[in-house]
Amino acid sequence: MSSRTKWRTALTGYVFLLPTFIFLAWFMYYPVYQAFIGAFTDWDGFNAPRYIGFDNFTRLFSDEVLRQSTINALIWVAFAIVLAVVPPYFVAELIFHLKRTRAQYVYRTLFVLPIVIPGIVIILLWRFLYQGDGAINQVLELIGLGFLQQMWLSDPNIALYSIIFMGFPWISAFNLLIFYAGLQSIPSEVIEAGRLDGATGWKRVRLIDIPLSFPQLRLILVLTLIGSLQNVIPPLIMTNGGPGYSTYVPILYMYNVSTANGEFGYGMAVALIMFVAILFLTILNMKLVRSDS
């Protein structure tokens, strides 16, 4: 193939990719640029923005609501990581060790089926379950544990944890499939060699399966970290940050301060700080959870 033909072929490919790059730049990168510029302004969303330098960032460090929101977010991240890793990996191990391939397929399908249910439906269902006369308190009364009944979303001491722990038994279909695929990718020679050395049962899980699942673990950790810090729908729908500020998270605070208070400049400053924090934590996580794959 001549150089002229290669150049023409490459040009054709770039022409077809050009619309994608245009839409990506307009709908993804340009809003990020606007948010960066707007973070240094006082803007109510209607009038022309007024440049105020670093005033918004100075305000961030004395904002008690943002401080409480950050603490709530860090608590959420800690529990979210545990729930995103332990239950799905445990179930993936159980399914992987089933002897019959058909049984593996059936159980894998049963655990993945709930993914077709819209997330908003699950959130509304759990809000109903958490009501004072909801199913959770009624079941506790029926089994003689009425003393454990709570106002799950109205008590500031437990509201945040109620939202975090909704979705029992906390088996994410996506995470389950990722871990299951990682277990399937373990070479049979490695498993056989481990069996000859006595690495069976939980010893095999500890010495072979978990170390060789580190690439999948790193992916899940990064996605969970980013997703939990950007999680706005559950607290918005279930409590709108209440009672008080007990379930506020930074992204919900950014949304409310922008839309309800009309402080779009300050909201963009919060968004910019969140972007830097998520980027830093993601890079740190990838450094800590290394793999040779």
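Student: Is Phe 90 buried, partly exposed or exposed?
Tutor: This is a predicted model, and in it Phe 90 is partly exposed, with a relative accessible area of 41%.

Student: How many aromatic pairs turn up in the whole structure?
Tutor: A search of the whole structure gives 20 aromatic pairs. One of them joins Phe 90 and Trp 202, and that pair is stacked. The ring centres are 6.4 Å apart, with 10° between the planes.

Student: Why does that pair tie together separate parts?
Tutor: Phe 90 belongs to helix α3 and Trp 202 to helix α10, residues 202–212, so the pair ties together parts that are 112 residues apart in sequence.

Student: And Trp 202, buried or exposed?
Tutor: Trp 202 counts as exposed, at 63% relative accessibility. The cut-off for exposed is over 50%.

Student: OK, what kind of pair do Phe 96 and Tyr 180 form?
Tutor: Phe 96 and Tyr 180 form an edge-to-face pair, 6.4 Å centre to centre and with 80° between the planes. This pair also links distant parts of the chain: Phe 96 is in helix α3 and Tyr 180 in helix α8, 84 residues apart.

Student: Are those two buried or exposed?
Tutor: Both Phe 96 and Tyr 180 are buried.

Student: Which residues do ring pairs link into a cluster?
Tutor: The cluster consists of Phe 79, Tyr 161, Phe 165, Phe 168 and Trp 170, linked by ring pairs.

Student: Where is Trp 170?
Tutor: Trp 170 sits in the loop between α7 and α8. Trp 170 is partly exposed, with a relative accessible area of 26%. Its phi is near 60°, which is a positive value in a residue other than glycine.

Student: What about the peptide bond from Phe 168 to Pro 169, cis or trans?
Tutor: That bond, from Phe 168 to Pro 169, is cis, with omega near 10°. Pro 169 is in the loop between α7, residues 159–164, and α8, residues 173–184.

Student: Which loop holds Pro 243?
Tutor: Pro 243 is in the loop between α12 (233–238) and α13 (250–259). The peptide bond from Gly 242 to Pro 243 is cis, with omega near -5°.

Student: And what is the phi of Asn 240?
Tutor: Asn 240 has a positive phi of about 55°, although Asn 240 is not a glycine. The loop between α12 and α13 holds Asn 240. With 40% relative accessibility, Asn 240 counts as partly exposed.

Student: Which helices supply at least two residues each to the lining?
Tutor: Those are α3 (64–96), α5 (119–129), α7, α8 and α11 (214–229). The largest share comes from α5, with six residues.

Student: How does the lining divide into nonpolar, polar and charged?
Tutor: The lining of the largest pocket has 26 nonpolar residues, eight polar ones and no charged ones.

Student: You mentioned α11. Is Thr 224 there buried or exposed?
Tutor: Thr 224, in helix α11, counts as buried at 12% relative accessibility. The cut-off for buried is under 20%.

Student: What does Thr 224 touch, leaving aside neighbours within four places in sequence?
Tutor: With those neighbours left aside, Thr 224 is in contact with Ala 80, Ile 81 and Ala 84.

Student: Which helix is Thr 282 in?
Tutor: Thr 282 lies in helix α14, residues 264–288. Thr 282 is buried, with a relative accessible area of 11%.

Student: What lies 2.7 Å from a polar atom of the side chain of Thr 282?
Tutor: The backbone oxygen of Ile 278 does. Apart from neighbours within four places in sequence, Thr 282 is in contact with Val 222, Leu 225 and Ile 226.

Student: Last one. What separates the C-alpha atoms of Gly 198 and Leu 18?
Tutor: The C-alpha atoms of Gly 198 and Leu 18 are separated by 57 Å, and the two residues are 180 residues apart along the chain. Gly 198 is in the loop between α9 (188–196) and α10. Gly 198 is partly exposed, with a relative accessible area of 36%.

Definitions and conventions: Residues numbered from 1 in each chain as written. Predicted model: local features only at pLDDT ≥ 70, side-chain atom pairs only at ≥ 80, totals over all residues. Heavy atoms only, no water. Helix = DSSP H or I, 4+ residues; strand = E, 2+ residues; numbered from the N terminus. Buried < 20%, exposed > 50% of the residue type's maximum accessible area, 1.4 Å probe, protein only. Polar contact = N/O pair within 3.5 Å; in protein donor to acceptor, adjacent residues only side chain to side chain. Contact = heavy atoms within 4.5 Å. Nonpolar A, V, L, I, M, F, W, Y, C, P; charged D, E, K, R; others polar. Phe/Tyr/Trp six-rings, centres within 6.5 Å; stacked < 30°, edge-to-face > 60°.
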